[in-house]
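Subject: Structure handover

Hello,

Here is the structure for your files.

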Amino acid sequence: MARRRQKKRTHLPADTSKTSATGVGQPLNVSASRTPKTMVIRIGAGEVGPSISQLVTDVRTMMEPHTASRLKERKSNKLKDYTTMAGPLGVTQLLLFSRNVNSGSTTLRITRCPRGPTIHFRVKNYSLCKDVRKSMRNPKTPGKEFSTPPLLVMNGFNTPQPPKPDGTPGRPPPHEMLLTSMFQSLFPPISAQRTPLASIRRILLLNRRPVSEADPKDGTTSEYVIDVRHYIINTKPVGVSRPIRRINAAERALRAKPTGEKGSKRSALPNLSGLEDIADYMLDPGAGGYTSESEVEEDAEVEVLPGNSRHTVKKKRAPKGPQKRAVKLSEIGPRMRLEMVKIEEGLAEGKVLWHAYETKTKQEERELEERHKIKKAERDQRRAIQQENVKRKKAEKEALKGKKRAEGKEGGEEVDNDDDDDDDEPEMWDDDDFEDEDEGENEEDVEMEDE
């Protein structure tokens with residue numbers, strides 16, 4: 001028997017690397033991958049306004065590559081719709097932006113799927129990416145920096161605590177520990193031994209500082225605020241004058257450029273036709289030689305060891321010994337100033353674990369705990385009653401179908417019995433009738449012939 005042809009050019013072979021030892025593929029849930037995945041959502045797509053919509057787009061760009069950058073929201077979509085799809089898609093965190101129509105304030109909620117907790121922030125100030133680029137003299141245009149997640153840098157998240165009576169250092173409050181772990185879980189962890197240095201191209205800075213250091217015009221009533229900044233990392237070799245760097249860059253550009261293609265002015269070799277000696281170009285301060293203004297500050301210099309990681313591409317031999325490079329950060333936005341308001345237990349619903357403005361006594365906390373227990377018991381009771389009603393209605397429906405089916409069978413048997421009473425045997429044609437008709441026709445034919 002002929003075999004069925006398989007298209008080898010378009011059909012790829014089955015990938016067995018994601019198959020477990022039992023031969024079953026990994027499910028599309030959180031346990032299938034340790035890489036955190038996020039969804040940045042605007043609640044009330046048509047009510048938040050164009051500025052918040054653009055802020056959501058910028059935050060999605062900042063959270064790339066493990067985020068839903070092309071997500072489309074609708075006015076009819078509820079939070080339950082996103083939480084339902086978070087499990088099959090492997091989403092671990094949701095960033096929910098909303099805007100209060102009456103006060104005009106913007107709120108950010110960061111929740112962990114599927115059971116919380118949820119941290120509420122008030123966005124005091126924010127600047128879009130386009131505003132940050134306009135404020136800079138030489139804005140940096142990002143390229144392939146978004147193919148890898150950013151490096152998370154958290155500053156000031158450890159509040160100094162007095163030591164315990166036994167001399168051991170004091171533990172930070174639970175809400176601060178939860179805040180730190182929530183931000184750390186937004187991005188995959190890095191390893192100093194395994195993570196290639198070339199993959200770190202962006203930095204997400206979270207600076208937590210007291211309100212006394214913030215702008216008093218903000219009207220912030222909480223104790224701390226968090227400043228969010230987003231940067232691109234630029235590195236340049238140090239210890240080489242600018243003329244030599246220009247010559248090296250032009251030489252690399254000429255080698256990489258195909259034959260016959262015209263290069264730009266920046267990649268072309270410098271014009272030395274008006275000079276008598278190469279020293280005039282190398283030692284000329286106007287050409288960018290060794291001057292104090294052209295060199296990088298010593299604080300920005302770092303030593304980079306040659307990479308021996310298995311992720312590096314072995315195209316050419318790595319240089320021996322450390323290299324000195326200047327590290328410079330270029331901000332690309334967005335900017336945000338966040339104020340933590342409260343922490344809820346569940347996924348955007350549940351009892352409040354911590355609040356910035358309200359403080360409860362032990363008696364009030366016990367009363368709230370009892371109230372939550374009563375609400376939970378009532379909710380469980382209603383769910384049990386609904387399940388029983390569904391089962392009862394389903395059983396009644398099946399019984400009604402069975403009754404109609406039985407009545408239909410009984411009605412069919414009565415009709416058959418009436419027919420049997422009239423005539424037990426099926427009706428048959430009488431051959432004598434046909435014979436008489438044939439004889440009559442033959443007689444008429446004979447009479448016609450005689451005439």
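The notes below cover confidence, overall make-up, and a few local features.

This is a predicted model, in which local features need pLDDT of at least 70 and side-chain atom pairs count only at pLDDT 80 or more, while totals for chains, interfaces and linings use all residues. Residues are numbered from 1 along each chain as its sequence is written, and side-chain values use heavy atoms, with hydrogens and water left out.

Confidence. The protein chain has a mean pLDDT (the predictor's confidence in each residue, from 0 to 100) of 77, and 71% of its residues reach 70 or more. For residues 16-31, the model has 17 contacts (heavy atoms within 4.5 Å) beyond four places in sequence. For residues 414-435, it has one such contact.

Make-up. There are eight helices and eleven strands in the protein chain; these are DSSP runs numbered from the N terminus, helices being H or I with at least four residues and strands E with at least two. Of the 451 residues, 25% count as buried, meaning under 20% relative accessible area with a 1.4 Å probe and protein chains only, where exposed is over 50% and partly exposed lies in between. Of the contacts with a separation of 6 or more, 68% are between residues 24 or more positions apart.

Helix α1. This helix covers residues 50-62 and reaches 18 Å from its first C-alpha to its last, close to the 18 Å expected (1.5 Å times one less than the number of residues). Its buried residues include Ile52, Leu55, Val59 and Met62, and also Asp58 and Arg60.

Strands β5 and β6. β5 runs parallel to strand β6 (residues 202-210), joined to it by five bridges; strands pair if DSSP finds at least two bridges between them. The chain crosses from β5 through helix α4 (residues 174-184) to β6, and this β-α-β crossover is left-handed.

Glutamate 344. This residue is found in strand β10 (residues 335-344) and counts as buried because its relative accessibility is 8%. Its side chain makes a polar contact with the side chain of histidine 120 at 3.5 Å, and another with that of lysine 342 at 3.4 Å. A polar contact is a pair of N or O atoms within 3.5 Å; within protein, one must be able to donate a hydrogen and the other to accept it, and residues adjacent in sequence count only if both atoms are side-chain atoms.

Regards

Conventions. Right-handed = clockwise from strand over helix to strand, strands pointing away.
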